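This report goes through one protein chain part by part. Please look at the sequence and the structure first, then read on.

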Amino acid sequence: MVLPHPLPLVPAPVSAIAREGRMPITATTRVLGHSPAAAQLLAAVERRTGIRLTPVETAPAEIELFVDPESSAPEGYTLEVGERAVIIGADEAGLFYGVQTLLQLLRQDDTGWSVLGADVADSPRFPRRGVMLDVARHFFGVDDVKRFIDSTSALKLNHLHLHLSDDQGWRVHIDSWPRLTQLSAGSSVDGHPGGFYTKDDYREIVAYAASRHMIVIPEIDLPGHTHAIGVAYPELVEAPVLNDTLVADSQRLEQPLPEAGKPYLGWGVGHSSVRIHEERTYGFVRDVVRELAEMTPGPYIHIGGDESLGTPQADFDLFAERATEIVVEAGKIPIAWHEMGSAAGIAEGTVGQYWGMTTPAGAHAEEAAHFVERGGALIMSAANVTYLDMKYTDDFPLGLTWAAVIDVRTAYEWEPTAILDVPESAILGIEAPLWSETTRTLGEVEQLVFPRAAAQAEVAWSPREAPDRVWASFRVRVGSLAPLWKAEGVEFHPADEIPWSAR
Ligand code: TNX
């Protein structure tokens, strides 16, 4: 069954063996390493313990970090903690992850601070381990996003998807369409204030993410979720289409209905669309994609595609084909929500993001599989397990329930390759989205994200067959992260499924 005392590591490494004893950490502990990860280790230890380790330029040192491409698979590392600690990364990302593992082994007891003795050899199961932040329903500024990057990259997550536009607001400056940020960025859900990123802000986020080995994926949601575009440029959008669910939900929630040309402040979806049969729409898409591509070193642009409920199928498919082609022409790989897989001619190589349930309904499985038939691949974001904006329990104050109520165990116990009938090699990995209808502050976001993002990190990183990759082990290990999260100011939800450690 379950190992009695696994090392307190999340995600569970490929192999982790506890050694007798601990390595003391004091101000005389020397650190040797020329990578940014060495400086990040010094800073993190000081934040956590108040101890300033001693950086040295030459051996000997108690903690040593270096890169050796032969040492393990990409993003992998080895870590040995005995009398000395040695971290060897296969690359800079691996070294960074080795540092995160060492930080999880840091402990305080009556004799002071130390690192638990360990032999770890590790590398990820999936290359894609993502998280999404919806900055459109509520806006989160650069400092909040940096804090989000810190806390999620520490779990070895390596892609940050930013949902930069939706009905309620447009969040990134585009020089060729300036009214987007002049007129459509001030609003957000429930009449709360909005905001947007200047190009410098966006570049700062991208650079910060890169320093934590995260690739930023910008999303402009099209052709639906585009009411805000119409506030700035009415000639680009159709009149709102009010579906029955939208009308009923708006009444129940006492939220206003969308009105053409005015900011939309409700939570309703599926009422907006850009004009699919007008050429200027594609000029707009081309400009936005070009400007985003110019400031995005990562290979992807996400073009949306979800919940275009008022758009006729043939129009939607035509748009999907043209929009994904525009991304390819801009030199990037398109990503789209799985609905765009309905388009026979979706650009080759487009990556689909599956957000259906773990038991696919309707045409979802077929739509997702079509990305693979077109030479693309899939990211798994099954809504009833990965959605970070679902409530933990029915009475949790934040979050929604439409996909499921997702306790930590439910978030943990799923298998990304068991949902769709596609080859395993077509599954790039997973992404856990945080939609922000109900979260106004980053602290509220964190309550929904932690500890469930740790569950998703383990699903994406740890070997499927690892003995520790079971709930009984995970709940104890994730509970051991409490002191680290508290020290870093992460406002995790202390779910009562987890035995949280005091120190
Ligand atoms: C569905 S999932 C949406 C979002 C909402 C979310 C709320 C998806 C691709 N679209 O527009 O914010 O539900 O959970």
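## The largest pocket

Helix H7, residues 244-253, gives the most to the lining of the largest pocket, with 6 residues. The model is a predicted one. The space in the largest pocket comes to about 660 Å³. Its lining is made up of 27 residues, and those closest to the centre are Trp267, Val269, Glu307, Leu400 and Trp402.

What kinds of residue make up the lining of the largest pocket? There are 12 nonpolar, 7 polar and 8 charged residues.

## Two domains

The protein chain is divided into domain 1, which covers 15-122, and domain 2, which covers 128-464. In their contact, 11 residues come from domain 1 and 10 residues from domain 2. Taken over C-alpha atoms, the centres of domain 1 and domain 2 are separated by 36 Å.

## The second largest pocket

The volume of the second largest pocket is about 440 Å³. It is lined by 23 residues, and Arg47, Gln100, Asp150, Ala154 and Glu488 lie nearest its centre. The elements that give two or more residues to this lining are helix H1 (36-49), helix H2 (92-104), helix H3 (142-153) and helix H16 (482-487). Of these, H1 gives the most, with 6 residues. Sorted by kind, the lining of the second largest pocket has 11 nonpolar, 5 polar and 7 charged residues.

## The barrel

A closed barrel of 8 strands is present, with parallel pairing. The strands run in the order E9-E10-E13-E14-E15-E16-E17-E18. On average, neighbouring strands of this sheet are turned by 30 degrees against each other, direction ignored. Strands of a sheet pair through backbone hydrogen bonds, either parallel or antiparallel.

Strand E10 (residues 159-163) and strand E13 (residues 215-222) pair in the parallel sense over 5 bridges. Leu162 has Pro218 of E13 as its bridge partner.

## Helices on the sheet

Helix H8, residues 279-294, packs on the sheet and touches E13 and strand E14 (300-304). The direction of H8 makes about 145 degrees with that of E14.

Helix H14, residues 452-461, also packs on the sheet, where it touches strand E9 (128-134) and strand E18 (427-434). Between the direction of H14 and that of E18 the angle is about 175 degrees.

## Backbone details in the loops

Which peptide bond ending at Pro60 is cis? It is the bond from Ala59 to Pro60, with omega near 0 degrees. Pro60 lies in the loop between strand E3 (54-56) and strand E4 (63-67).

The peptide bond from Leu222 to Pro223 is cis too, with omega near -10 degrees. Pro223 is in the loop that connects E13 and helix H6 (227-232). Leu222 falls within the residue range of E13, 215-222.

Asp190 has a phi near 65 degrees, which is a positive value in a residue other than glycine. Asp190 is placed in the loop between helix H4 (179-183) and helix H5 (199-211).

Methods
Residues numbered from 1 in each chain as written. Predicted model: local features only at pLDDT ≥ 70, side-chain atom pairs only at ≥ 80, totals over all residues. Heavy atoms only, no water. 1 Å grid on protein atoms, 1.4 Å probe; cavity = no way out; pocket = protein on both sides within 12 Å on 5 of 7 lines; lining within 4 Å. Points joined across faces, edges and corners; volume = space filled by probe spheres on them. Helix = DSSP H or I, 4+ residues; strand = E, 2+ residues; numbered from the N terminus. Nonpolar A, V, L, I, M, F, W, Y, C, P; charged D, E, K, R; others polar. Pairing = 2+ DSSP bridges. Axes fitted to C-alpha atoms, helices over the stretch in contact; angles between N-to-C directions. Contact = heavy atoms within 4.5 Å. Domains from an automatic or database assignment.
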